[in-house]
Amino acid sequence: MSFIGSIENVGVYALLMRRVLSVPDRMREFMKEFIKGVYLLGVNSIWIVVIISFFIGAVIVMQIALNVDSPMLPRFTVGVVSREIILLEFSSTIMCLILSGKVGSNIASEIGTMRITGQVDVLDIMGVNSANYLILPKVAAFVAFMPVLVIFSMFMGLFGGYIICLVLGTPSVETYIYGIQAFFRESFIWYSIFKSMLFGFIIASVAGYFGYTVKGGALDVGKASTDSVVINSILILVTDLVFTQLVMG
Amino acid sequence: MIEVKHLNKEFDGDKVLNDINARFEKGLVNMIIGKSGSGKTVLLKCIVGLLTPTSGDILYDGRNFLSLKTRELRRLRRDIGMLFQGSALFDSRTVLENVMFPLDMFSRKNNRERRKRAEFCLERVGLSEAADLYPSEISGGMMKRAAIARAISLNPKYLFCDEPNSGLDPKTAQLIDELIEDLTKDFMMTTIVVSHDMNSVINIGDRVVFINEGVKEWEGTKSDIMGADNEKLNDFVFASDLFKKIKEAEEIISEDNKKG
């Protein structure tokens with residue numbers, strides 16, 4: 001992708017977002033699509049969030065317990081550090097990187113297939129704002145459901161650590177629970193939720209852009225789907241860096 | 001009535017349509033014919049607004065489509081129904097939901113009335129039994145009929161059909177042709193059909209526009225085609241064995257009449 005091409009894509013994305021972020025033609029139809037989006041993009045993602053968060057949470061606690069082993073540090077440090085990693089970065093950033101693969105490719109391929117089979121043209125000919133009708137409910141549904149996924153992820157990550165402490169016994173369950181409660185700042189949870197909602201917007205809107213602007217056939221839909229995951233991953237990491245510096249720095 | 005005046009369309013400097021002028025009359029099936037790649041689908045896409053012409057005017061009952069304001073354009077679009085080559089039904093909706101979609105978006109009627117209208121449209125195209133099936137569960141011909149039902153659900157003034165018979169067996173193709181013709185006459189629509197199927201032209205074409213390499217070569221009624229002295233039109237029309245035989249038969253009859 002050339003530099004000029006990238007700039008052009010940003011411009012096309014901005015123009016598309018202007019059409020997407022407008023008042024829906026029919027609120028009743030928007031709500032139908034919104035509810036469908038909540039189920040397909042959000043509820044259907046809970047299982048992957050639960051499984052990944054549980055195992056990664058367990059591994060984080062295991063790694064910290066094995067590697068942060070100094071007489072200078074109290075044992076409950078394992079709980080404190082694991083909690084901060086899970087709350088601040090894992091449940092929002094890493095989880096969104098994973099979801100960009102599942103949700104992003106789903107949105108890009110669905111809208112892309114509609115584009116190449118003429119279904120988007122049908123909407124345009126009818127006088128429906130196709131960008132708004134197809135992309136906005138998905139963006140809104142994913143952003144709205146993101147806090148639920150993040151809370152699931154936080155809980156399951158910490159629960160994974162708890163199970164590891166229960167099985168391995170180092171640190172003990174009591175020390176771990178003391179650790180995850182020590183020096184707790186509620187603002188970290190809000191920070192994580194807000195950040196993940198921002199990532200949710202990026203994932204759904206960028207995937208919508210790639211799907212909506214597909215030209216060609218089935219191969220191009222596949223390419224758009226892959227491109228959306230790659231670009232989303234880069235954008236999430238860059239946004240995370242900037243956001244962290246702005247809010248925490 | 002739809003008028004096209006001095007329409008030009010270029011893609012990256014390549015002229016695809018060159019100064020097209022044509023009139024498409026109300027209550028008639030107006031056909032645009034031509035070889036593959038001649039520019040007929042591009043012309044249709046310009047007329048319905050899926051492509052913006054490089055220059056020229058498109059008039060819908062005197063209103064210039066290209067200079068309408070957004071609100072007027074959206075209002076006009078509700079008077080347009082279109083049948084795509086691949087039907088373009090929404091995969092995630094049943095046949096009935098597909099037909100109801102334009103009504104759900106634009107009709108002020110309540111759900112019961114919208115449903116009744118959609119069922120009427122399905123009945124009109126003979127597809128009532130497939131109302132609850134998904135597009136993937138029905139045949140190509142049924143998909144075309146469902147797409148026609150969706151196109152007419154808002155009672156449009158203008159109906160556009162892009163290769164309505166592609167991929168269909170001759171019997172089903174004839175059914176679709178007859179349906180388009182009946183609906184055009186019943187609802188007094190301005191219908192434009194893009195096709196390269198000469199059987200369709202003979203079956204339902206009231207007026208015919210022949211496009212070749214982006215240029216309008218000929219315009220007339222279907223009965224004029226046989227006697228047309230346009231070489232390119234004759235090349236296109238008589239490429240079909242059926243039409244060669246019809247032409248030969250007409251010549252024999254005409255000679256017999258002269259003798260007799």
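In what order do the six strands of the open sheet in chain B lie? The order is E6-E7-E8-E3-E9-E10, with mixed pairing. Two strands pair if DSSP finds at least two bridges between them, and strands (E, at least two residues) and helices (H or I, at least four) are DSSP runs numbered from the N terminus. The model is predicted: local features need pLDDT of at least 70, side-chain atom pairs count only at pLDDT 80 or more, and totals for chains, interfaces and linings use all residues. Residues are numbered from 1 along each chain as its sequence is written, while chains are lettered from A and ligands numbered from 1 in the order in which they are written.

Strands of a sheet pair through backbone hydrogen bonds, either parallel or antiparallel. At the edges of this sheet are E6 (80–83) and E10 (215–221) of chain B, each pairing on one side only. E9 (residues 207–212) of chain B runs antiparallel to E10(B), and six bridges join them. Asn212(B) has Val215(B) in E10(B) as its bridge partner.

Helix H5 (residues 140–152) of chain B packs on the sheet and touches E6 and E7 of chain B; contact means that C-beta atoms, placed from the backbone, lie within 7 Å.

Most residues other than glycine have a negative phi, and most peptide bonds are trans. Glu213(B), in the loop between E9 and E10 of chain B, has a positive phi of about 50 degrees although it is not a glycine. In chain A, a cis peptide bond joins Thr170(A) and Pro171(A), with omega about -5 degrees. Pro171(A) lies in the loop between helix H6 (130–168) and helix H7 (173–181) of chain A.

Definitions and conventions. Two residues are in contact if their C-beta atoms, placed from the backbone, lie within 7 Å. Axes are lines fitted to C-alpha atoms, for helices over the stretch in contact, and angles run from 0 to 180 degrees between N-to-C directions.
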